[in-house]
Amino acid sequence: MGLTGAGGTLLAVPLLMAALGLTLPEAVPVSLLAVAIGATVGAWRGFRESLLRYRAATLIATVGLLMSPIGLWLGARAPHDVLALLFAAVLVLSGVRQLWRLRSGSTALPESMQLPPLCPIHPDTGRFRWRPRTALSMSGIGGVAGLLSGLLPSRSASRLQITEALGRV
């Protein structure tokens with residue numbers, strides 16, 4: 001998980017299913033727990049190196065936590081095939097983005113496609129310049145992440161399934 005970061009769950013789920021024979025509802029919580037542990041280690045390292053941006057992380061997490069139940073609610077009502085297609089679309093989008101970066105040799109978009117930063121950083125302090133646009137951008141990131149994290153693993157969200165899945169590993 002250290003190599004792929006939070007995106008490691010995209011790789012872990014199919015690997016857990018293939019290697020251990022877990023079902024999708026069993027593999028998702030195991031991969032999410034592994035990512036959570038990796039994220040905790042990464043956050044601690046960022047804290048020690050004074051790179052952790054508390055306000056941004058708190059805002060993103062708060063909005064994400066508020067949106068996750070909505071994703072769970074929607075996912076419980078959506079057909080399994082639709083959720084599988086959504087998961088596949090997220091994988092494809094992620095892969096295309098990585099290929100774009102590899103091909104261009106840069107993590108940035110071409111200059112003609114760049115917009116002014118939504119969350120400008122003060123050049124002297126390295127901190128975000130908190131403006132309404134910054135807060136709205138951070139809230140949007142948290143909202144989309146929370147909605148998707150609730151929506152995509154919705155078939156595996158119960159505590160019983162998580163406990164059963166962890167017991168098999």
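## Aromatic tour

Select Phe47: at 38% relative accessibility this residue counts as partly exposed (buried is under 20% relative accessible area, exposed over 50%, partly exposed in between; 1.4 Å probe, protein chains only). The model is predicted, so local features need pLDDT of at least 70 and side-chain atom pairs pLDDT 80 or more, while totals for chains, interfaces and linings use all residues. Numbering runs from 1 along each chain as its sequence is written, and side-chain values use heavy atoms, without hydrogens and water.

Rings of Phe, Tyr and Trp (its six-membered ring) pair with centres within 6.5 Å; planes under 30 degrees apart are stacked, over 60 edge-to-face, the rest tilted. A search of the whole structure gives three aromatic pairs.

Trp44, Phe47 and Tyr54 make up one aromatic cluster.

Include Leu52 and show the surface. Trp44, Phe47, Leu52 and Tyr54 form a nonpolar patch there, with about 420 Å² of accessible area together (Shrake-Rupley method, 1.4 Å probe, only the protein chains shown as cover). Patch residues have over 30% relative accessible area and no salt bridge; nonpolar side chains (Val, Leu, Ile, Met, Phe, Trp, Tyr) are joined within 5 Å, like charges within 9 Å. A salt bridge puts a side-chain nitrogen of Lys or Arg within 4 Å of a carboxyl oxygen of Asp or Glu.

Move to Phe128. At 18% relative accessibility, Phe128 counts as buried. The charged end of Arg53 sits over its ring, 4.8 Å from the centre (NZ of Lys or CZ of Arg within 6 Å of the ring centre and within 35 degrees of the ring normal).
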